[in-house]
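Here's a quick briefing for anyone meeting this protein chain for the first time. Have a look at the sequence and the fold, then read on.

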Amino acid sequence: MDFIEANFWWIIGGGALVLLLAVRWLWHLARATQIERARELFRLQHERFEQMLLTAAAATGKPRGLVWTRCEIIGDAMLARDVSRGIVALVPVVLQFEPEADSDMENVPAAREPRPATALFIFHRGHWHTDGRVIFNLNPGQALTQLHQQLQPITHH
């Protein structure tokens, strides 16, 4: 192998390394941009998400004997990454219910008490969605700890 041929392979190898590093940098940049977009969209649309959660949660039929009447987001979303679903927001909420007529809960005073919870929202294809999943009596940090096998926290960029 002569000097020119050896330099040729060093140039090809160096170019491939630079290309690989550029692709990796672009991938991280795109990921960070998606996270910031998700964060900003959530901040801008609190009221819409409160209604979205009420509708989706009521459709689950849980908790039995109660009607979902109010949802209030009481703090900032904590973002996490779910390997199978992408970006997830854990959102602190206060929920309120009314007992259904003729249900077991009708004469239970605690049924009308506001309840703290963490609501889960999924960022999919540029939009936030929810299936109505809430974790009662836990704040987002506690919920993230409970779900540590499914979710990894996303630190602020």
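What share of the contacts in the protein chain with a separation of 6 or more comes from residues 24 or more positions apart? The share is 59%, where a contact means heavy atoms within 4.5 Å. Keep in mind that this is a predicted model, in which local features need pLDDT of at least 70 and side-chain atom pairs count only at pLDDT 80 or more, while totals for chains, interfaces and linings use all residues. Residues are numbered from 1 along each chain as its sequence is written, and side-chain values use heavy atoms, with hydrogens and water left out.

**The overall layout**

- The protein chain has 3 helices and 7 strands; helices (H or I, at least four residues) and strands (E, at least two) are DSSP runs, numbered from the N terminus.
- Reading from the N terminus, the order is α-α-β-β-β-β-β-β-α-β.
- Of the 157 residues in the protein chain, 34% are buried. Buried means under 20% relative accessible area, exposed means over 50%, and partly exposed is in between (1.4 Å probe, protein chains only).
- The protein chain has an accessible surface of about 10200 Å², and carbon and sulfur atoms own 60% of that. These areas come from the Shrake-Rupley method with a 1.4 Å probe, and for residues only the protein chains shown count as cover.

**The helices**

- Helix α1 covers residues 3-44, and Phe8 is found there.
- Phe8 teams up with Trp9 and Ile12 in a nonpolar patch on the surface, with about 330 Å² of accessible area together. Patches take residues with over 30% relative accessible area and no salt bridge, joining like charges within 9 Å and nonpolar side chains (Val, Leu, Ile, Met, Phe, Trp, Tyr) within 5 Å.
- Phe8 itself has 43% relative accessibility, so it counts as partly exposed.
- Helix α2 (residues 46-60) has 15 residues and should span 21 Å at 1.5 Å a residue; its end C-alpha atoms are 21 Å apart, so the two agree. The expected span is 1.5 Å times one less than the number of residues.
- Buried residues in α2 include Phe49, Met52, Leu53 and Ala56.
- Just after α2 comes Gly61, with a positive phi of about 80°.

- Pro63 sits in the loop between α2 and β1, and with a relative accessible area of 22% Pro63 is partly exposed.
- Leaving aside neighbours within four places in sequence, Pro63 is in contact with Trp68 and Phe97.
- Pro63 and Phe97 are 34 residues apart along the chain, and their C-alpha atoms are separated by 9.3 Å.

**Strand β4 and its partners**

- In β4, 7 of the 10 residues are buried, so the strand is largely enclosed by the rest of the structure.
- β3 and β4 run antiparallel and are joined by 9 bridges; two strands pair if DSSP finds at least two bridges between them. Leu90 has Leu120 in β4 as its bridge partner.
- β4 also pairs with β6 (residues 134-136) in the antiparallel sense, over 3 bridges, and Thr118 stands opposite Ile135 in β6.
- With β5 (residues 127-129), β4 again pairs in the antiparallel sense over 3 bridges. His124 has His127 in β5 as its bridge partner.
- The hairpin of β4 and β5 has 2 residues between the strands, and Arg125 takes a positive phi near 55° there.

**Salt bridges**

- How many salt bridges are there, taking one as a side-chain nitrogen of Lys or Arg within 4 Å of a carboxyl oxygen of Asp or Glu? The count is 3.
- Asp104 and Arg64 meet through their side chains at 3.5 Å, N to O. Asp104 lies in the loop between β3 (86-99) and β4 (115-124) and Arg64 in the loop between α2 and β1 (66-73), so this pair ties together parts that are 40 residues apart in sequence.
- Asp104 is exposed at 62% relative accessibility, and Arg64 is exposed as well, with a relative accessible area of 64%.
- Arg70 and Glu72 form a salt bridge at 2.7 Å, N to O. Arg70 is partly exposed at 33%, and Glu72 is partly exposed at 35%.
- Arg112 and Glu98 form a salt bridge, with their closest N and O atoms 3.3 Å apart. This pair links Arg112, in the loop between β3 and β4, to Glu98 in strand β3, 14 residues apart.
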